[in-house]
Amino acid sequence: VVVDNGSVEGEHDVAGETVRLIGRSNNDGFGIAANAGVAATSGRWVLLLNPDAWPIEDGIERLVEFAEGHPGLGAVGPCLFDPAGQPQRSTIRPPLGAAPLAAWVAFPRAVTGLYGAWRRATSVVRRKRVRPIEFLQGSVLLVRRDAFEQVGGFDESFFMYGEDADLCARLRDGGWGVELCPAARFVHVGGGSTGSESDRMQFELLRSWLRLIAKHKGMREAERARRWTLR
């Protein structure tokens with residue numbers, strides 16, 4: 001199933017017996033499109049895959065095998081690599097507080113780079129476990145349909161970014177596990193759909209972090225974080 005936000009009628013030639021194309025005239029955001037794609041499938045597991053990501057060798061099969069061997073899992077992600085074969089961050093740690101968010105706003109590249117370097121350096125020691133304060137990257141995500149439907153899927157109030165962390169948090173709250181599969185590897189280019197609008201995407205990321213704080217930490221903390229970013 002391919003969901004295309006902002007598609008133009010007649011511009012695609014991928015639809016056929018094995019591919020179902022869902023064209024959406026408006027770009028309403030990732031969550032809405034992903035929920036529509038999931039609703040169009042019927043399998044026990046659903047693989048959510050960004051257009052700039054693809055499996056390395058048997059990455060999909062390894063994800064499913066790992067998930068089937070862990071009945072309590074609601075979502076599982078692979079280890080991500082860039083096109084040159086260098087490890088990427090396979091998990092995210094959103095700045096869920098006033099001070100962390102203010103630091104990210106002031107030095108976004110430095111904060112993101114330091115976290116990525118630390119995560120890569122410690123992944124072997126930690127056996128690539130997802131810590132409670134971390135969440136899976138939404139670029140490649142295998143979700144259990146029962147768990148996904150139980151928590152209501154993606155929160156469609158997130159336009160872009162943050163919806164993956166929010167989903168993982170709600171899965172955990174619902175009693176489901178969230179883990180990495182070290183044996184599954186995928187390539188993720190990163191920015192494949194947003195590179196031409198980097199300034200706007202940076203704003204969307206900030207807005208999503210604030211929405212995430214408001215939802216999981218409360219409006220008071222979100223307002224405090226907003227004020228700190230204005231200093």
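**Close-up views of the predicted model**

Of the 231 residues in the protein chain, 42% are buried (buried meaning under 20% relative accessible area, exposed over 50% and partly exposed in between, with a 1.4 Å probe and protein chains only). The structure is a predicted model, in which local features need pLDDT of at least 70 and side-chain atom pairs count only at pLDDT 80 or more, while totals for chains, interfaces and linings use all residues. Residues are numbered from 1 along each chain as its sequence is written, and side-chain values use heavy atoms, with hydrogens and water left out.

**View 1. Overall make-up of the chain.** The protein chain holds 8 helices and 9 strands; these are DSSP runs numbered from the N terminus, helices being H or I of at least four residues and strands E of at least two. Contact denotes heavy atoms within 4.5 Å. Of the contacts between residues at least 6 apart in sequence, 73% join residues at least 24 apart.

**View 2. Helix 1 and Val38.** Helix 1 spans residues 30-39, and its buried residues are Gly31, Ala33, Ala34, Asn35, Gly37 and Val38. They pack against strand 1 (2-5), strand 2 (21-24), strand 3 (45-49) and helix 5 (145-150). Val38 counts as buried because its relative accessibility is 5%. Apart from neighbours within four places in sequence, Val38 is in contact with Val46, Leu48, Arg145 and Phe148. Val38 and Val143 lie 105 residues apart in sequence, with 9.7 Å between their C-alpha atoms.

View 3. Strand 4 pairs with strand 9 (residues 177-188) in the antiparallel sense over 3 bridges, and Pro55 has Phe186 in strand 9 as its bridge partner.

**View 4. Strand 8 and its partners.** Strand 8 is mostly covered, with 5 of its 5 residues buried. Val140, Leu142 and Arg144 point one way from the strand, whereas Leu141 and Val143 point the other way. Strand 8 runs antiparallel to strand 3, to which 5 bridges join it, and antiparallel to strand 5, through 2 bridges. Leu142 is the bridge partner of Leu47, and Val76 also stands opposite Leu142.

**View 5. Two nonpolar cores.** A nonpolar core is a set of buried Ala, Val, Leu, Ile, Met, Phe, Trp, Tyr and Cys residues joined through side-chain atoms within 4.5 Å. The largest has 33 residues, of which Leu48, Leu136, Leu141, Val143, Leu167 and Leu171 touch the most other members. Leaving aside neighbours within four places in sequence, Leu141 is in contact with Val46, Leu47, Leu48, Ala75, Val76, Leu136 and Leu167. A second, separate core of 13 residues includes Leu80, Leu142, Cys181 and Ala184.

Note on methods: Pairing = 2+ DSSP bridges.
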